[in-house]
Amino acid sequence: MSQSYNRGLIEDFGRWKEFSAGMWAWIFHKFTGWMLIGYLFTHIAVLSTAIAGEQAYTDTLQGLEALFVVRLLEVGLLAVAVFHILNGIRLLMVDLGIGLEAQDKTFYVSLIITAAITVASVPTFMTEVGF
C-alpha cells in the first residue's frame with residue numbers, strides 16, 4: 001500500500017522560501033507562457049478593429065499608443081517574451097544534456113539578460129508618450 005503525503009488542513013505557504021532556482025524557473029516559465037497567451041487574445045481584439053475599416057484600426061492604434069499605461073504594458077510584454085524565449089532555450093539545452101551542472105547559473109543569466117534588454121529598451125518605448 002502506498003503512502004501519501006499529508007499536507008494538513010492548510011497548505012504551507014511558507015514553502016516558497018525553500019524553492020530552488022529550478023522551481024522558480026518553472027514557475028516563471030509557466031507564468032510568462034500564460035501572460036503571452038493573454039496577450040494573444042488582446043492582440044486579436046485590437047487587430048479585429050481592422051474589420052471596421054482602415055481608419056478605425058489606425059485610430060485605435062494611435063489612441064492606444066498615446067497612453068502611458070499601454071507603453072508600460074508593452075515594456076512588460078517585452079520582458080515576458082524575452083524571459084520566456086531565453087528560458088526556453090535554456091530548457092532546450094538542458095534537454096539536450098548541455099549545461100546540466102549549471103542550471104541555476106543559466107537561469108540567473110537569463111534573468112539578468114532579460115533585465116538588461118528590458119531596461120535598455122525603455123527609452124524606445126517611452127518616446128512621444130503623453131502622461
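Of the 131 residues in the protein chain, 17% are buried, meaning under 20% relative accessible area with a 1.4 Å probe, protein chains only. The accessible surface of the chain is about 9,800 Å², and carbon and sulfur atoms account for 70% of that; such areas come from the Shrake-Rupley method with a 1.4 Å probe.

This is a predicted model, in which local features need pLDDT of at least 70 and side-chain atom pairs count only at pLDDT 80 or more, while totals for chains, interfaces and linings use all residues. Residues are numbered from 1 along each chain as its sequence is written, and side-chain values use heavy atoms, leaving out hydrogens and water.

The chain has four helices and zero strands, in the order α-α-α-α from the N terminus. Helices here are DSSP runs (H or I, at least four residues), and strands are runs of E of at least two. Among contacts (heavy atoms within 4.5 Å) between residues at least 6 apart in sequence, 75% join residues at least 24 apart.

Now for the helix pair:

| Helix | Residues |
|---|---|
| α3 | residues 68–95 |
| α4 | residues 103–125 |

Their axes, lines fitted to C-alpha atoms over the stretch in contact, come within 9 Å and cross at roughly 155°. That makes α3 roughly antiparallel to α4, a term for angles over 145 degrees. Residues making the contact include Leu78, Val82 and Arg90 of α3 and Phe107, Thr114 and Ile117 of α4.

Notes: Axes fitted to C-alpha atoms, helices over the stretch in contact; angles between N-to-C directions. Parallel < 35°, antiparallel > 145°, perpendicular 65-115°, else oblique. Buried < 20%, exposed > 50% of the residue type's maximum accessible area, 1.4 Å probe, protein only.
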